[in-house]
Amino acid sequence: MHSSNYVALMVVLALLAGCATQAPQPVQIERISPEQLAALVPPPQSTLTLEEIVTMSKQGKTDAEIIEAIKQSQSRYVLTPSQVLSWHQKGISKGVLDYMQQANALAEQNAIADEINKREKARVENETKLKRERDAARLRSMDPWFYGPGFYGGPWGYRPYWGGGWRYW
């Protein structure tokens, strides 16, 4: 009676040990700090000044012509809402001001996307390197005498060995 309880206890303990798992590791998110973000975003460049844009507006140029001039000069402007209102009152149309804001936002998004792509590429390269190292370790752990000197039997043929499988003579 005592030994059957002992055996039952050992079976229960073995089953419980088989069910034990480790807690999943929390996902680590690599965040970009505000300083890193400021360094990533290209600084605004304005070879075409806002005063020149006001002059172009007063000369009667259309929004499309002014926007094309901004594109050609590759200018970017960072304007606060109060500056947008002020420049609109000076003569820059809403369409041009909207384009300026959209172009700046797009440049920031592209800079951030480039950084994310660069980090993702580095992560994939690191994973590939780790997989290669793992595969090399697996190959090193294989029996170096398993395949022998020949291909498919070589000159001496196969012979069974105690480790399971076939080995050359």
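Trainee: Which residues in the largest nonpolar core touch the most other members?

Mentor: Of its 16 residues, they are Leu50, Ile53, Ile70, Tyr77, Ile92, Val96 and Met100. Helices α3, α4 (63-73) and α6 (94-141) each supply at least two residues of this core. Do keep in mind that this is a predicted model, where local features need pLDDT of at least 70 and side-chain atom pairs count only at pLDDT 80 or more, while totals for chains, interfaces and linings use all residues. Residues are numbered from 1 along each chain, and side-chain values use heavy atoms, leaving out hydrogens and water.

Trainee: What makes a set of residues a nonpolar core?

Mentor: Its members are buried Ala, Val, Leu, Ile, Met, Phe, Trp, Tyr and Cys residues, joined through side-chain atoms within 4.5 Å.

Trainee: Why is Pro44 called partly exposed?

Mentor: Buried means under 20% relative accessible area and exposed over 50%, with partly exposed in between (1.4 Å probe, protein chains only). Pro44 has 45%, so the residue is partly exposed.

Trainee: Why do the buried residues of α3 line one face of the helix?

Mentor: In α3 (residues 50-58), Leu50, Ile53, Val54, Met56 and Ser57 are buried. Seen down the axis, they fall within an arc of 160°, so they line one face. The arc is that of the directions from the helix axis to the C-beta atoms.

Trainee: What makes Lys90 count as lying over the face of Trp87?

Mentor: The rule asks for NZ of Lys or CZ of Arg within 6 Å of the ring centre and within 35 degrees of the ring normal. Lys90 lies over the face of Trp87, at 4.2 Å from the ring centre.

Definitions and conventions:
Helix = DSSP H or I, 4+ residues; strand = E, 2+ residues; numbered from the N terminus.
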